[in-house]
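This report describes a structure for a reader who is meeting it for the first time. The account begins with helix packing and then turns to chain contacts, domains and confidence.

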4 protein chains.
Amino acid sequence: MTLRTRLYALLDPASHGHSARQVRALEVALILVGISSVSAGTVDGLPAEARSVAAAVTGIVAALFFAEYLARLWVAPESPHSHHVSAARARLRWMVSPEGIIDLLAVLPAVATAYGGARLGAESASVFVLLWVLKLATHAPGVGLIARVFHNERSALSAAAALFVIVLFSAATIAHWLEAERQPEHFGSIPASLWWAVVTLTTTGYGDVVPLSSAGRVLGGLLMLCGICVLALLAGILANGFAAEVRRREFVRIWELVARVPFFAEVGAIAITDIVDRLRSRSYPEGATVIRKGAAGDSMFFIVTGEVEVRIGERALELRDGDFFGEMALLDRKPRSADVVTLTPCTVLVLNVADFYQLAGQQPTLIAAIEAEAKRRRANDA
Amino acid sequence: MTLRTRLYALLDPASHGHSARQVRALEVALILVGISSVSAGTVDGLPAEARSVAAAVTGIVAALFFAEYLARLWVAPESPHSHHVSAARARLRWMVSPEGIIDLLAVLPAVATAYGGARLGAESASVFVLLWVLKLATHAPGVGLIARVFHNERSALSAAAALFVIVLFSAATIAHWLEAERQPEHFGSIPASLWWAVVTLTTTGYGDVVPLSSAGRVLGGLLMLCGICVLALLAGILANGFAAEVRRREFVRIWELVARVPFFAEVGAIAITDIVDRLRSRSYPEGATVIRKGAAGDSMFFIVTGEVEVRIGERALELRDGDFFGEMALLDRKPRSADVVTLTPCTVLVLNVADFYQLAGQQPTLIAAIEAEAKRRRANDA
Amino acid sequence: MTLRTRLYALLDPASHGHSARQVRALEVALILVGISSVSAGTVDGLPAEARSVAAAVTGIVAALFFAEYLARLWVAPESPHSHHVSAARARLRWMVSPEGIIDLLAVLPAVATAYGGARLGAESASVFVLLWVLKLATHAPGVGLIARVFHNERSALSAAAALFVIVLFSAATIAHWLEAERQPEHFGSIPASLWWAVVTLTTTGYGDVVPLSSAGRVLGGLLMLCGICVLALLAGILANGFAAEVRRREFVRIWELVARVPFFAEVGAIAITDIVDRLRSRSYPEGATVIRKGAAGDSMFFIVTGEVEVRIGERALELRDGDFFGEMALLDRKPRSADVVTLTPCTVLVLNVADFYQLAGQQPTLIAAIEAEAKRRRANDA
Amino acid sequence: MTLRTRLYALLDPASHGHSARQVRALEVALILVGISSVSAGTVDGLPAEARSVAAAVTGIVAALFFAEYLARLWVAPESPHSHHVSAARARLRWMVSPEGIIDLLAVLPAVATAYGGARLGAESASVFVLLWVLKLATHAPGVGLIARVFHNERSALSAAAALFVIVLFSAATIAHWLEAERQPEHFGSIPASLWWAVVTLTTTGYGDVVPLSSAGRVLGGLLMLCGICVLALLAGILANGFAAEVRRREFVRIWELVARVPFFAEVGAIAITDIVDRLRSRSYPEGATVIRKGAAGDSMFFIVTGEVEVRIGERALELRDGDFFGEMALLDRKPRSADVVTLTPCTVLVLNVADFYQLAGQQPTLIAAIEAEAKRRRANDA
C-alpha cells in the first residue's frame, strides 16, 4: 500500500473506517475554528492581542486548507471513478467537480492572506466565512442525506411552499387594506405588509409591526394559526421523507456488510431481508473494549473485518472475520461473562436483544445455529 | 393529432408528461411574477420608471392569462369528462366548474387594465393579488394533495381546533381577571385578552402585550407550553395523514404504469402489490441522458412509453416500451458500463438498489428473470 | 320507538348516525356563540344596543343549555349502562357522572341570569366562559381521543416534561448569575429569570427581557436550540401516539360494521383483519347522492344499514343492507355509469381504489366474488 | 427477605413494581420542591417568614437526600451487578459510578447547610439548583430513554446541526454586510449579527434587533423559513428515532413478562412475536379494582405475578399467576359482569379489544383456547 493509497483512504469521503471518520471530524472542527476566528476578527472593540491571535488562527486554518487541497489533488487518481484514466486527467476531473471547486474556493482565503498580508481588512476577510461555510456543507457528514430528502420530497415541499406563498400574499394584501390608514409606515404598500406577514406566518413575531385594528388582529390570529399548520405540514413531509431515505441507505450499507459474513451465506434470499433490517454496523479502533465483563448483555456481534480477543479470566480466545460473539448473554439473559477487546481496527454488525428475539420468531433455524455454536463454546469452556 | 388535441395535452392538469409539467411550472412562475409586479405597484416612493415597468409587467401577465383562458375554453371539449357531449356544452360546463370560474376571475385584471387604463389606481389593482393567488391555489402542483390531507384528517384537526379554542378562551378569561386592573388597555375585556392569548398560544410572542403580575406570568408560561403541545399535535396529525395519502396516490399511479409493462404481466396479483410499492416513475424529454457511463449504479429502469438508445462504446442498442435496462450495475455492484439516452420523450419506472435487493428476497422468480435477461445480454456483448 | 328512545338516539354521544352528529355540531356551535357573546359583553366601550344584544344572546344560549340538561336527564334511563336499573336511579347516576356535573355547571349561567337579571355585571358573567369551555371539552368530537393519546403517552410526555424542567431551571439559574448585575429588575432572582427562560425555551420571545452580556446571549442561543429540540421531541411523541390510537379506534369501529355485512361472513379470520384495515365508514342522510354519473370512480361501497336506489337511465334498482355497489367503475377504470341515491339514512363502508387493488393482491377470492357479481349485473343490464 | 433486600427493591431504578415507582415519583417531587424552595430564597423582596420557610424546606430536602445517599450506599451490594464481589467493593463501585457521583453532589447542599448555617447566602445556595437538576436528570423516568434516542440519532442530528451552523453563519455574515452601516450597534460585527441570526432562525424573534433595509428583510424572511425547515427536520428525526427506541424497549420488557405466563408457553416462536407486539403491562397495588362491574369491556388481562379475586354477585373466585380474566366481555361485546380486585400487588399483561380481534385473525388457535376456557367458566357459573 503506497503512501498515496493510504492518504486516499483517510480522505475518501465515502469511507466508513475509523481513521477516515476522525479525519472528517477534524476537518469539520477546523472549519468551525476558522469561521469563528474570522468572525471574531470583525469585532471593533477587540484588544490588539486578541485581534492578532484571531488573525493568526485564520491564517493557520487557511494554510491547512491549502495543504489539504494539494493533498486531495495528489490523491485524486486513487478514486474508484478514475480507473483507466491518466493521473493528470483524474486530477483535472476532480478540480472541476463540485467538490473540487468548493475546496478551491476555500483556499482563496489562504492566498488572500498570503498576498494581502496585514493590509487585508477584517471586513474583506468576512467573505471567508461564506467560503468556509460552503466547504462545511460538502464535508459535514449527513448534509448529503438531508439534501437527498429535500430532493426526494421536492413535489410535496413545493406544494407546501405554494401554500406558504398563497397565505403570505393574501394576508399581506388584506392587512394592507385594513391597516394602511392607521399605520402607513408599516402597511403602506403590499411589500411593506409582507414583512409583517412573514414575521407572523413563521411565528417569529418580532413585534416591530403589530396590527392595531380589531379586524387586523383577527387576521393576525388566523395567520399565526396558518403558520403553525404550515410548520406542522413541513414537519410531517420531512419526517416521512427522512425515515424512508434513512431506511433505504441503511439497507444497502448493511446488505453489503452481511454479504461478507459467511455465517449468513446459507440463509435464503427471503430471510436475508429480515436480517439486514435488524442489523446495525459499528467500527472500533485497535485496542477498544467491545464488551466489558459484568455489563448488561444487550446485543451480539458479527465480525465483518478485523480480529478480537475474548478474555475469560486467564484464557484468551481469538476471533476474526466471520465469527460472532456476545450471544451467550442474550441466550441466558445474564451479564457479560468475558471482556472482548479488538486486536486490529474492526467493523462489526450488531444485533440488538429486541431484534434477536424478534428474529428468533421469524428465523428459528438461524437462532438455532447460534445456539448450537454457543453450546459448543460452553462445552469447550467446561 | 389535431392542434386542439396537442394543446389540450399541454394544458391537461392531470398529465404527467414532461411538456405539460413545464407548462404548469411556467404558469406558476407567471402568477408569481404577476403578484410581485402588482405588489411593487403599491409602493409609494417608487420612481416613475419602476412604476411604469411594474404596470407594464402586470399588463402583460394579465394579457397572457386572458389568452390562456381562451385557450382552455377552446380545448375544453378534449377533456375525458366531455365524451358524448357537444363542444359548446363541454365549454359551458368547464366555464361553470370551480377551475373555470377561478380562471375567469383571474382574467378580470386584464379587462380592468384594458378598460381602466391609466386611471386604475395601484390601490384598486391590489385586489388582483388575491385573484391571482386563488389561481395559484388551483394550478400549483400538490395543493390538491394537501387539501385532501386536511379533508381526510378533518375529524382529528377539528378536535385539535376545539382544544385550541378551549385553551384560548380559558387563558383569555383568566388573564382578564389577573391583569385587567394593572393593564386595563390590554386586558380590559375578554376580546382584548384574546389578542394576547393567541399571540402567546401560537408562540409568536410579539411582546406588545406582556403579563406583569406573577400569576399572569405563570399563566403565560403554561399557555406557551400548551402552544407547543398543540403545534406538536398538529404536526403528528398532518404527518400521519400526509404519509397515508401520498402512499395511496402513488400506489394507483404506479399500478396503472405497471399494467403497461409486459414484463410484469405474468406476475401474480399478490406479488404485484409488493412490486408497485417499490417502483417510482420518472419522465424524461427527448435526448436526455438517463444513465451516464462510469456513474454509480444505484437503480434499474423499466420503460413504460418511449424509446432509449444504449451506447456501449461504438455500438448502439435500441430499447422501447416494455424493455428494461440498468440491471447489470445492480447485479454486479459496479459503475455503469454504458450511456443510455432517450430518443423520444420517455416515462420509466425506477427500481432503487435497496428495493431491488428487498424484492430479490420477496420475489426471487422476478429477479431470476432479470438475471436471465442480463446473462443473455452479456453473451451478446461477448 | 318512543319519543324518549328517539331523543336519546339524537343525544347519544356514542352514536355515529347522521342526525346525532348534526345535533353535536349544533351544540358545539351554540357553545361557541355563547362564549363569544359573554366575551363581547366584557368590552367597556360597547354601545348600549350591542351590549343588550350580547346579553340577550347569552340568555338564550343559557336557556337552551338548561333545556338540554333537562332533556338529557329525562333520557338517561335509555343509556345502555342503565339496564336493570330504575329510571330515577339511572338519572341520579347520570347526574353524578363527570358529564352530568359539567352539564349542570353549564346550566348555572341560566340560573344566574334568571335570578340576577340586569344586576348581574358583565364581570361576574365572564366566569360563564370557563363553564362553557368545560362543556365544549366534553362535547367536542375528538377531544376524548386527544386526551387518550396524552394518557397513553404519559410516560414519554413526563420524560419530555422532566427535560423541560431541567433545561428551564438550569438556564434560569445560570442567567441569574450572568445578568443579575446588569439587569437586576429582570434577572435579580431565579423566579424572575424563569420568566425569561420560559419565554425563550418555548421560542415565544416577547422581547421584554433580553440578555445583554455576551455570555448571556450564548446561553440564550443554546436555550432556543433546546426549545426547538423539546418541541421536535414532543411532536415525535404525539405523532406516534396519535397514529397508534387512531388505528386502534378505527379497527374496532370498522370491525363491528363489517360483522353486519353478510358478504364478509365467509371470509376467514385472518383475511378479515386485512379487510378491516382498508375500509372506512361514511354516513349519509336520506336523499343524498352517493355516486354521481360521470364522476371519477375512485371507490366502492358496502351497505351496512339503509337502502339506496341505483338509477341507470330510466331504470332503477334498489339495494339494501349487505349489498354493495360502485364496483364496476373500479374494475373497468371508467367514470361512474349510474347515479346512486339514498332512500333512507345510510351507513356504508367505503373501499378506496388503491386499497381495492392492494386487497386484490392479498385476497384474490374476495375480489373474484365481487367480479362475479359485477358480471351478473352486466348480464342483467344487457 | 432481609431489610436490605426489601429496601433495594424499593430503590432499584430498573424495577417496574408499584412501590418502587411510587418511591421514584416521590423522589422527583422532592427534587422539584427543593429546586423551588432554593429559587424562592433568591427573591429579594421576600418577607422574613417566607424566607425562613424556604430555607427550612431547603434544609429538610437536603437532609432527606443525605439520608437517601446513605441508604443507596448501604443497599449497593444487592445490585445484580455486584455478584461475587465484597460488600465494601460493591459500595465503592457504586460511589464512583456516574449515578453515585451525581447523588454525592446532590448531598453537598446538605453539608453546606449544616456547616455554613445561617451565613450561607441565598446567592451561593443557588448553585444547589444545578446540583439537584442534575439529580433530576438521572432519576426522572424516561430521561434515559430520551438520551438514548439522541444517541441513536446522533449522525442525523449532527447533520441537522451542521445545517443549522451553515445557515446561521451565512445569514449573520450577509446581514453584517447589509445592515452594518445603518445599525452599527447591532450588526457591526459578525458575532453581533449572530445574535440576531440565532433569535430569528429559531423563530424566537425577541424584536430587540430587526433588519431595516429591504434586502435585510428579505434575508430575514428566508432565515425564518429556514428556521421552520430546521425545526421540521428535527421533529422528523426525533419522531422516527423515538418510535423505534420505544418499540425496542417495550418488546424486551413484554417478552420477559410473557415468558412467565404458562398460557403462552405452547405458542411457537413465530407467533409469540405477534403476541408480544400487542400486549401492554400494568401494575396494581393490593386491593385495587382492576375491573368494575358494568363498565365497558375493552380489554382482557393475563396475570404475571400476584393474586386477584373475581366477585360475581355473592360468589368469589381466586385467580393467580398465569391465569387470565376479562375475556368474556371481549367475546360477547357486553359490559363487565363481575368486579375483579387484587389481593396482592399484581403485574398483569393487558390485551386491548382491537389487538384481541387482530390477534384472532393471526393466531386463531390462541383465541380458540381462550374461548374454550371462557366456555368452561360459563358452564361453571350455570
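In this predicted model, helix 9 (residues 154–179) of chain C packs against helix 11 (residues 190–201) of chain C at an angle of about 125°, and their axes are 8 Å apart. That angle makes helix 9 of chain C oblique to helix 11 of chain C. The crossing of helix 9 of chain C past helix 11 of chain C is right-handed. On the side of helix 9 of chain C, the contact is made by Val167(C), Leu168(C), Ala171(C), Ala172(C), Thr173(C), Ala175(C) and His176(C). Helix 11 of chain C contributes Ile190(C), Ser193(C), Leu194(C), Trp196(C), Ala197(C), Val198(C) and Leu201(C). By class, the residues of this contact are eleven nonpolar, three polar and no charged.

A second pair lies in chain D. Helix 2 (residues 18–41) of chain D and helix 7 (residues 127–139) of chain D pack with their axes 9 Å apart, at an angle of about 165°. Because angles over 145 degrees count as roughly antiparallel, helix 2 of chain D is described as roughly antiparallel to helix 7 of chain D. Helix 2 of chain D passes helix 7 of chain D in a left-handed crossing. Among the residues that make this contact are Arg24(D), Glu27(D) and Ile31(D) of helix 2 of chain D, together with Phe128(D), Trp132(D) and Lys135(D) of helix 7 of chain D. The contact of helix 2 of chain D with helix 7 of chain D comprises nine nonpolar, three polar and three charged residues.

A third pair joins two chains. The axes of helix 12 (residues 214–258) of chain B and helix 12 (residues 214–258) of chain C come within 7 Å and cross at roughly 50°. The two helices are therefore oblique to each other, and their crossing is right-handed. Residues of this contact include Ile228(B), Cys229(B), Gly236(B) and Asn240(B) from helix 12 of chain B, and Leu231(C), Leu238(C) and Phe242(C) from helix 12 of chain C. The contact divides into 15 nonpolar, two polar and no charged residues.

| Helix pair | Angle | Axes |
|---|---|---|
| Helix 9 and helix 11 of chain C | about 125° | 8 Å apart |
| Helix 2 and helix 7 of chain D | about 165° | 9 Å apart |
| Helix 12 of chain B and helix 12 of chain C | roughly 50° | within 7 Å |

Chains D and A also meet. Their contact takes 45 residues from chain D and 47 residues from chain A. On the side of chain D that touches chain A, helix 9 (154–179), helix 11 (190–201), helix 12 (214–258) and helix 13 (269–278) of chain D each supply at least two residues. Helix 12 of chain D gives the most, with 19 residues. By class, this side of chain D has 26 nonpolar, 17 polar and two charged residues.

The domain assignment divides chain A into domain 1 (3–141), domain 2 (154–244) and domain 3 (264–381). The centres of domain 1 of chain A and domain 2 of chain A, taken over C-alpha atoms, are separated by 40 Å.

Confidence remains to be described. Chain A has a mean pLDDT of 84, and 94% of its residues reach 70 or more. Within chain A, confidence is lowest in helix 6 (residues 122–125) of chain A, at a mean of 68, and highest in helix 11 (residues 190–201) of chain A, at 93. For the complex, the predictor gives an ipTM of 0.82 and a pTM of 0.84.

How values were computed:
Residues are numbered from 1 along each chain as its sequence is written. Chains are lettered from A and ligands numbered from 1 in the order in which they are written. This is a predicted model: local features need pLDDT of at least 70, side-chain atom pairs count only at pLDDT 80 or more; totals for chains, interfaces and linings use all residues. Domain bounds come from an automatic or database domain assignment. Two residues are in contact if their C-beta atoms, placed from the backbone, lie within 7 Å. Helices (H or I, at least four residues) and strands (E, at least two) are DSSP runs, numbered from the N terminus. Ala, Val, Leu, Ile, Met, Phe, Trp, Tyr, Cys and Pro count as nonpolar, Asp, Glu, Lys and Arg as charged, and the others, Gly among them, as polar. pLDDT is the predictor's confidence in each residue, from 0 to 100. Axes are lines fitted to C-alpha atoms, for helices over the stretch in contact, and angles run from 0 to 180 degrees between N-to-C directions. Angles under 35 degrees count as roughly parallel, over 145 as roughly antiparallel, 65 to 115 as roughly perpendicular and the rest as oblique. A crossing is left-handed if the near helix is turned anticlockwise from the far one by less than a right angle, and right-handed if clockwise.
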